[in-house]
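Here is a brief report on one protein model. It starts with the overall fold and then turns to one helix.

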Amino acid sequence: MLPQFIDAHVHLNTISPEKMEMARKHNVSFLSINTNIPFFESIEKQEEVILQLQKKYPGRLQYITSFDFRDWGKENFPQSAIEQIRRGLANGAVGVKVWKDVGFDLHDEAGNFVMIDNPVFDPIFRYLEENDILLIGHQGEPRNCWLPLEEMTVDSDRNYFRDHPEYHMFLHKEYPSYEAQMQARDNMLKKFPRLRYVGLHLFSMEWNIDEVAKRLDQFPNSETDLAERICHLQLQAKENWQGVRDFCIRYQDRILYGTDVIDDGNSPAAEIATRFKNLWEFHYKFFATNEVLEAPEFKGEFRGLDLPKEVVEKIFHANAKRTYQFKQ
């Protein structure tokens, strides 16, 4: 039986009850993250779904709002984004997300890529900093995205980018480099040192826990989450078990568990619920036990980290409860 915990990175874009009943059965709560993704509904439509779920399952989920680029290129863009953020917060959102479309999709009038440290975003981040509003960020992609297929470290990335070459940055040299994406994110955090920030997906530095540690040390108001990157920790644990374990213990107050499961209606609701259950159980074994495990993303065995009980409780529950204002 799993202990009480929070899956602090999901995208619940349907009102289907199956995943909620699975969560209730296992005493799990959700943080659903509304995101300006092209194949998602609008931010407002995503919010409507969450508000319905909150009404039906009180106390079972919190959510993050975002802003889109409907006024991009106009003088009023920053204020328009801030107003969109205010509406989300007024409806109960506990933070704001900025996604990787900044750095990949947006261009200035001259056709240059616009990165997250561009001054056009400064009024938005200044507003968040001055009002102590949490920002969570997904900048860049896994470093594998910029590598040849044969050099990628996990099969999940290799298979995805083989099937979606349009997103494989190794093939698109005209896009900003991985290093440029990471530097822009770091530059933004330097500009706003009091900003509370969660670097999603292990700060997009999943390939090296030492690089993640550097950011946590450099930006003391930051945390990181594990969503869709636990396999990279497991891969590193094959050769550096003690290092991964020490990382989790050292930063035990600043690591947040999440799966990044998307429920958008494209998969049967029962299948989504089962996926949640299987991931929760598998991930918990990795952090809480010393079992010998195998992951579908790469070949070979690795051992569970067998973290102290209090560390596991923080990663799976207490940190998200504090950061995302859960009441339970």
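Residues 24 or more positions apart make up 70% of the protein's contacts with a separation of 6 or more; contact means heavy atoms within 4.5 Å. This is a predicted model, where local features need pLDDT of at least 70, side-chain atom pairs count only at pLDDT 80 or more, and totals for chains, interfaces and linings use all residues. Residues are numbered from 1 along each chain as its sequence is written, and side-chain values use heavy atoms, with hydrogens and water left out.

The protein has 12 helices and 11 strands. These are DSSP runs (helices H or I, at least four residues; strands E, at least two), numbered from the N terminus. For 328 residues, a compact globule would have a radius of gyration near 20 Å; the protein has 19 Å, which agrees. That radius is taken over C-alpha atoms, and the globule rule is 2.2 Å times the number of residues to the power 0.38.

| Property of the protein | Value |
|---|---|
| C-alpha span along principal axes | about 55 × 45 × 40 Å |
| Residues that count as buried | 57% of 328 residues |
| Accessible surface | about 14,300 Å² |

Carbon and sulfur atoms hold 49% of the accessible surface, computed by the Shrake-Rupley method with a 1.4 Å probe. Buried means under 20% relative accessible area (1.4 Å probe, protein chains only).

Now helix H5, residues 122-130. Its buried residues are Asp122, Ile124, Phe125, Tyr127, Leu128 and Glu129. Their cover includes helix H3 (77-90), strand S4 (96-98), strand S5 (135-137) and helix H7 (178-191). Just after H5, aspartate 132 takes a positive phi of about 55 degrees.

Notes:
Buried < 20%, exposed > 50% of the residue type's maximum accessible area, 1.4 Å probe, protein only.
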